[in-house]
Amino acid sequence: MAKHSAGEFQERFHEKNLKLTHPRQAITQKILSTRAGEHFSADELWERLRRKGERISKATVYRTLHLLVEEKAVEEHDFGKGQKYYERMVERPHHDHLICIHCGRILEFENSNIERLQGEVARREGFIIRYHSHKLFGTCSSCRRKAPPPARLR
Ligand SMILES: [Zn+2]
Ligand SMILES: [Zn+2]
């Protein structure tokens, strides 16, 4: 998916006539300052804002996150952990994820062959892909070292 700069993204707020209220600005700034590849829940984001002395309701955090997801500035993921996770997509290239079902570690990957093949699959069906999200669930290398491998699954 396309890369977005921070400025571009502020501009879109203006275009859509979305007021950059103080809570929205604080939430947006916090997200823009997350590390590349950091995946956080809405509650974690709320907690970080609270530690910074921001008094923002959880409802506002949720609403602003949804707004940012719609603007493609943030991606929302279900990593099978019982809550949604988010990550900054501003100034970040598209990528997919490997999720360790033992320790919860999330690894990112990008494979041009997969990207190309899924395009072929869609084309054959006359289907237009709007977005995609590959999630591979399994055992990471450090968890594999700790425990014997499970019986082979088919
Ligand atoms: Zn990611
Ligand atoms: Zn693991």
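## Basis of the model

Residues are numbered from 1 along each chain as its sequence is written, and chains are lettered from A and ligands numbered from 1 in the order in which they are written. Because the model is predicted, local features need pLDDT of at least 70 and side-chain atom pairs count only at pLDDT 80 or more, while totals for chains, interfaces and linings use all residues; side-chain values use heavy atoms, with hydrogens and water left out.

## Overall layout

The protein chain has 6 helices and 5 strands. Helices (H or I, at least four residues) and strands (E, at least two) are DSSP runs, numbered from the N terminus. Read from the N terminus, the order of elements is α-α-α-α-β-β-β-β-α-β-α.

Of the 154 residues in the protein chain, 36% are buried. Buried means under 20% relative accessible area, exposed over 50%, and partly exposed in between (1.4 Å probe, protein chains only).

## Salt bridges

The structure contains 8 salt bridges. A salt bridge is a side-chain nitrogen of Lys or Arg within 4 Å of a carboxyl oxygen of Asp or Glu. Side chains of opposite charge can pair when their charged atoms come close.

One of the salt bridges joins the side chains of Glu38 and Arg48, at 2.8 Å from N to O. Glu38 lies in the loop between helix 2 (22-32) and helix 3 (42-51), and Arg48 lies in helix 3, so the pair ties together parts that are 10 residues apart in sequence. Glu38 is buried, because its relative accessible area is 12%, whereas Arg48 is partly exposed at 22%. Arg35 also belongs here: Arg35, Glu38 and Arg48 are linked in a network of salt bridges.

## Two further charged pairs

Asp43 and Lys58 form a salt bridge through their side chains, at 3.5 Å from N to O. This pair links distant parts of the chain, with Asp43 in helix 3 and Lys58 in helix 4 (residues 58-70), 15 residues apart. Asp43 is partly exposed, with a relative accessible area of 29%, and Lys58 is partly exposed, with 34%.

The side chains of Arg92 and Glu87 also meet in a salt bridge, at 3.0 Å from N to O. Both Arg92 and Glu87 are buried.

## A buried charge without a salt bridge

Asp96 is placed in strand 3 (residues 96-100). Asp96 is buried but has no salt bridge, and the nearest side chain of opposite charge, Lys135, is 6.9 Å away. For charge, Lys and Arg count as positive and Asp and Glu as negative, while His and the chain ends are not counted.

The side chain of Asp96 does make a polar contact of 3.4 Å with the side chain of His132. A polar contact is a pair of N or O atoms within 3.5 Å; within protein, one must be able to donate a hydrogen and the other to accept it, and residues adjacent in sequence count only if both atoms are side-chain atoms.

## Surface patches

Patches are made of residues with over 30% relative accessible area and no salt bridge; like charges are joined within 9 Å, and nonpolar side chains (Val, Leu, Ile, Met, Phe, Trp, Tyr) within 5 Å. Accessible areas come from the Shrake-Rupley method with a 1.4 Å probe, and for residues only the protein chains shown count as cover. The place of a charge is taken as NZ of Lys, CZ of Arg, CG of Asp or CD of Glu.

Arg105, Arg144, Arg145 and Lys146 form a surface patch of positive charge. Lys146 lies in helix 6 (residues 141-146) and is exposed, because its relative accessibility is 66%. A nonpolar surface patch of about 210 Å² is made by Leu98, Leu107 and Leu136. Leu107 is in strand 4 (residues 106-109) and is partly exposed, with a relative accessible area of 30%. The C-alpha atoms of Leu107 and Leu136 are 9.6 Å apart, and the two residues are 29 residues apart along the chain.

## Positive phi angles

Most residues other than glycine have a negative phi. Lys72 is not a glycine, yet has a positive phi of about 60°. Lys72 sits in the loop between helix 4 and strand 1 (74-78) and is partly exposed, with a relative accessible area of 34%.

Glu91, also not a glycine, has a positive phi of about 55°. Glu91 lies in the loop between strand 2 (84-88) and strand 3.
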